[in-house]
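Dear colleague,

I am handing over the structure below, and I would be grateful if you could look through it with the notes that follow. They are meant for someone who has not seen it before.

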Amino acid sequence: MKTGQKAIVGRALRLPRIWHRATGAVALQLTLIAASFGMVSTTCWDAASEFNDSNNPDAANPSGVWSYGWKKTLVDKFYVATTRSNDPPKVSGWCNASGFPMISHISRTVPTIAGVNPSAFPAHAMVVHPGPGGEYGVVRFTAPADGTFKVSGQFYALDDNKTGTTTDVWILKNNDKAGAFSGKVDYHGSANWVSFTSQVFELKKGDTLDFQAGYGDNKTYFYDSTGLVAIIEKIK
């Protein structure tokens with residue numbers, strides 16, 4: 001560190017790489033850079049690296065600012081998943097009693113083959129999978145304080161079996177469709193990933209941001225594993 005340079009204040013992050021599954025190449029890397037002079041105060045959260053795997057000794061849901069669950073419809077009640085989902089030693093997470101929707105995480109430090117219909121998953125990938133009746137898999141962030149929050153990241157296709165990932169993806173503030181970010185992920189189409197860069201939300205303490213994936217236009221949840229990278233910065 002250069003003389004006069006101040007350290008970033010906040011949670012240390014293992015910043016993830018976001019993978020373009022069609023080529024296996026890194027599509028995006030998110031980086032935080034401290035200013036050369038003056039104090040920089042940055043509070044930041046990373047959905048993937050902070051995921052509390054269901055096989056951890058301190059496994060909990062909710063865990064800190066994050067909750068993992070599902071909704072019956074786009075803006076329905078949020079249900080916290082209480083069933084542990086494990087495919088040891090590769091995958092662990094949370095799901096509803098039927099098994100889907102499911103929020104899971106790849107525990108391996110290298111790309112690995114996993115899933116009921118095996119696919120190649122990047123190291124430390126966070127996976128959102130919808131349910132058979134159109135239920136949405138949801139990763140919820142709850143604001144710990146009032147402020148302005150910048151959200152950057154990507155939903156991306158993970159499953160290359162048959163139809164491949166075909167999901168509708170959303171970021172909803174306070175479970176409201178108005179002003180929501182939305183997109184469609186299609187493995188075999190032109191939308192292998194949907195990026196959200198510097199989306200800004202004014203949040204009060206207790207407000208929520210829901211990152212969620214549904215079963216898309218084909219209305220089937222088969223082969224719909226959807227990767228999620230979400231970096232949230234409190235900038236004011």
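Isoleucine 171 touches Val151, Phe155, Ala180, Phe181, Phe196, Phe201, Asp210 and Phe211, leaving aside residues up to four places away in sequence, where a contact means heavy atoms within 4.5 Å. Please keep in mind that this is a predicted model, in which local features need pLDDT of at least 70 and side-chain atom pairs count only at pLDDT 80 or more, while totals for chains, interfaces and linings use all residues. Residues are numbered from 1 along each chain as its sequence is written, and side-chain values use heavy atoms, with hydrogens and water left out.

Isoleucine 171 belongs to strand 14, residues 166-173; helices (H or I, at least four residues) and strands (E, at least two) are DSSP runs, numbered from the N terminus. Isoleucine 171 counts as buried because its relative accessibility is 0%, the term meaning under 20% relative accessible area, with exposed over 50% and partly exposed in between (1.4 Å probe, protein chains only).

Strand 12, residues 136-142, is mostly covered, with six of its seven residues buried. Strand 12 runs antiparallel to strand 4 (residues 66-71), to which six bridges join it, and two strands pair if DSSP finds at least two bridges between them. In this pairing, serine 67 stands opposite arginine 140. Six bridges also join strand 12 to strand 17 (residues 208-214), again antiparallel, and here threonine 142 stands opposite threonine 208.

Glutamate 135 is found in the loop between strand 11 (126-129) and strand 12. Glutamate 135 is buried yet has no salt bridge, and the nearest side chain of opposite charge, lysine 72, is 8.1 Å away; a salt bridge requires a side-chain nitrogen of Lys or Arg within 4 Å of a carboxyl oxygen of Asp or Glu, and for charge Lys and Arg count as positive and Asp and Glu as negative, with His and the chain ends not counted. A polar atom of the glutamate 135 side chain does lie 2.7 Å from the backbone nitrogen of glycine 133. The residues touched by glutamate 135 include Trp70, Lys72, Pro101 and Ala213.

With best wishes

Methods. Polar contact = N/O pair within 3.5 Å; in protein donor to acceptor, adjacent residues only side chain to side chain.
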